[in-house]
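Hi,

Here is the structure I said I would pass on to you.

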Amino acid sequence: MHRILLPFLAFLFLAACQKKPDFTLKVLIGGTTVTAPGEQPIGDSVVIISGTKIRSVGPRKDIPVPQASDRTDLTGEWVVPAEGSRIDAGETANLLILRHAPKGVTAAAPADVGARIVAGEWKIK
């Protein structure tokens with residue numbers, strides 16, 4: 001009995017010690033991103049957020065999407081910086097997700113704001 005139980009317990013112990021995937025990366029895919037006032041929009045963009053900071057931003061063709069990540073498809077929506085913020089690598093992730101094209105980097109109407117990301121965390125209306 002011990003010959004069967006001991007290997008089984010060792011297997012369970014080793015399985016529990018395996019490193020779990022790191023899903024602290026949030027990836028916003030497919031939206032049109034305006035990185036700052038006056039900047040050209042980036043269509044079909046990728047924004048990668050690690051913790052509270054933006055890790056990278058750019059066109060989908062140029063930014064590899066990490067396998068172990070929490071991905072959100074924002075096709076047809078707009079990603080703009082919150083007031084006083086920029087969307088750039090190293091910046092704090094303070095973003096607005098808009099349903100319609102913005103006026104500059106602000107929502108055309110308050111109802112256009114679908115969600116917010118504040119310091120890397122989703123804040124859903």
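**What I found**

Of the 125 residues in the chain, 35% are buried (under 20% relative accessible area with a 1.4 Å probe, protein chains only; exposed is over 50%, and partly exposed is in between). Before you go further: this is a predicted model, where local features need pLDDT of at least 70, side-chain atom pairs count only at pLDDT 80 or more, and totals for chains, interfaces and linings use all residues. Residues are numbered from 1 along each chain as its sequence is written, and side-chain values use heavy atoms, with hydrogens and water left out.

The chain has one helix and nine strands (DSSP runs numbered from the N terminus: H or I of at least four residues for helices, E of at least two for strands).

Four strands make an open sheet in the order β4-β3-β1-β5, and the pairing is mixed (two strands pair if DSSP finds at least two bridges between them). At the edges sit β4 (53–59) and β5 (70–73), each pairing on one side only. β3 (residues 45–50) runs antiparallel to β4, with six bridges between them, and Val 47 stands opposite Val 57 of β4. These two strands also form a hairpin with two residues between them, where Gly 51 in the turn has a positive phi of about 65°.

β8 and β9 (residues 121–124) are antiparallel and joined by four bridges, with Arg 116 partnered by Lys 123 in β9. Two residues lie between β8 and β9, and Ala 119 in that turn has a positive phi of about 50°.

Leu 28 touches, among others, Val 47, Leu 74, Ile 97 and Trp 122, leaving aside residues up to four places away in sequence (contact means heavy atoms within 4.5 Å). Ser 45, in strand β3, counts as buried at 1% relative accessibility.

Last, the charged pairs. The structure holds three salt bridges (a side-chain nitrogen of Lys or Arg within 4 Å of a carboxyl oxygen of Asp or Glu). One joins Lys 26 and Glu 121 at 3.8 Å, N to O. Lys 26 is in β1 (residues 25–29) and Glu 121 in β9, so this pair ties together parts 95 residues apart in sequence. Lys 26 is buried at 11% relative accessible area, whereas Glu 121 is partly exposed at 44%. Asp 44 and Arg 60 form another, with their closest N and O atoms 2.7 Å apart. Asp 62 and Lys 61 make a salt bridge too, at 3.4 Å, N to O, and Lys 61 is exposed at 72% relative accessibility.

Over to you!
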